[in-house]
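Could you look this one over with me before you set anything up on it?

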Amino acid sequence: MSQNTTASTLLRNGFSMEAMRVYFPFLVLVIVCIGFSIFSDQFLSARNLETVLRQTAVLSIAAMGATFVILMASIDLSVGAVVGLSAVIIAYFMQSLGIAAVPTGLVVGAVLGAVIGGIHAKLKVPSFIGTLGFMVAGHGLMLHITGGRPIMIRDETMRGIGSGTIAGVPSIVLIAMAAFIIAYVIQHHTVLGRSIVAVGGGEVVAQRSGIKVDRIKIITFMLAGIYSGLAGIVLASRMGAGSPTAGTGLELDVIAAVVIGGTPLTGGMGGVVGTAIGALIIAILSNGLNLAGVSSYSQMIIKGMVLIAAVIISIDRKKIGIIK
């Protein structure tokens, strides 16, 4: 159902579950902003809002790629490991190549994404299992490369990407905005984007209509890998190092951002606009709870509850016969 059709349904039938699914991300974003602005005078300060945008950059870039995977009704648990591994490899090669090592992050992401997609599509390994294996292997490889210690980045140009500004806007925020625009164009104005949604909406139907499903799956995971590689570049520039623990746990925030943004795990609907809002919600939740003095343990509980609520609201139960 299109956004316009859904909006018309809302006007005719009033507040409904269907409308709730569409407007849930906007509603949550408004509620958390109002709530934290009441509890903290610092929340709406220019400095704090800039901090929120900086904190959102890595998450939102990685979540753009993950959105395509979930739109396809698959899952990518390796996103945190690919982001961290890309950052570590950039830092490793930067010791000898300097700033010329930056593209290796994109190459690492693209290669890993293509391998994951190939295993999923050609060897018929469920994406959950395949990406879980890569998540574990990726973190192990990061420890092996770094020896358990951060690899420092001395190049000032690279460090400047993470801390610099262009026309008063943080450079990493501009990178995240560019990543969003590209993702939006891919989803709404390319055959690839329409094919991904079609596969997520019904793989058998998509195959019978002439879509080469296996090829779409491989390209989609490769695309997600490239976005993870870009997130790794931004992460390395922010940290000024390739850390053996970089990206750990990021997959949870990424999946939460996508689902809270209105893309259900069943695929076929939603998109990158909602994901951008979802990433903002996750970052604002973390920022606001920190300002409120809430412990990291309690923050995990709250984020988990928000994620469960998002899943409950985003699932269209009429389209699902059996839940396992």
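Here are my points on the model, starting with how to read the values.

1. This is a predicted model, so local features need pLDDT of at least 70 and side-chain atom pairs count only at pLDDT 80 or more, while totals for chains, interfaces and linings use all residues. Numbering runs from 1 along each chain as its sequence is written, and side-chain values use heavy atoms, with hydrogens and water left out.

2. On to the second largest pocket, at about 490 Å³. A pocket here is an open set of points on a 1 Å grid over the protein atoms alone, where a 1.4 Å probe fits, with protein on both sides within 12 Å along at least five of seven lines. The volume is the space filled by probe spheres set on those points. Lining residues have an atom within 4 Å of a point, and there are 17 of them, with Gln-55, Leu-59, Thr-248, Leu-250 and Asp-253 nearest the centre. Two or more lining residues come from each of helix 3 (46–71), helix 11 (213–239), helix 12 (250–260) and helix 13 (272–291). Helices are DSSP runs (H or I, at least four residues), numbered from the N terminus.

3. By class, that lining has eight nonpolar, six polar and three charged residues. Note that Tyr, Cys and Pro are among those counted as nonpolar, and Gly as polar.

4. There are three aromatic pairs (ring centres within 6.5 Å; planes under 30 degrees apart are stacked, over 60 edge-to-face, the rest tilted). Phe-36 and Phe-43 make a tilted one, 5.8 Å centre to centre with 45° between the planes. Buried means under 20% relative accessible area, exposed over 50%, partly exposed in between, with a 1.4 Å probe and protein chains only. Phe-36 is buried at 13%, and Phe-43 is buried at 1%.

5. Phe-180 and Tyr-184 also pair: their ring centres are 6.3 Å apart and the planes sit at 45°, so this pair is tilted. Both belong to helix 8 (residues 171–189), four residues apart, about one turn. Phe-180 is partly exposed at 27%, as is Tyr-184 at 32%.

6. Gly-98 follows, with a positive phi near 70°.

Conventions
Rings of Phe, Tyr and Trp (its six-membered ring) pair if their centres lie within 6.5 Å; planes under 30 degrees apart count as stacked, over 60 as edge-to-face and the rest as tilted.
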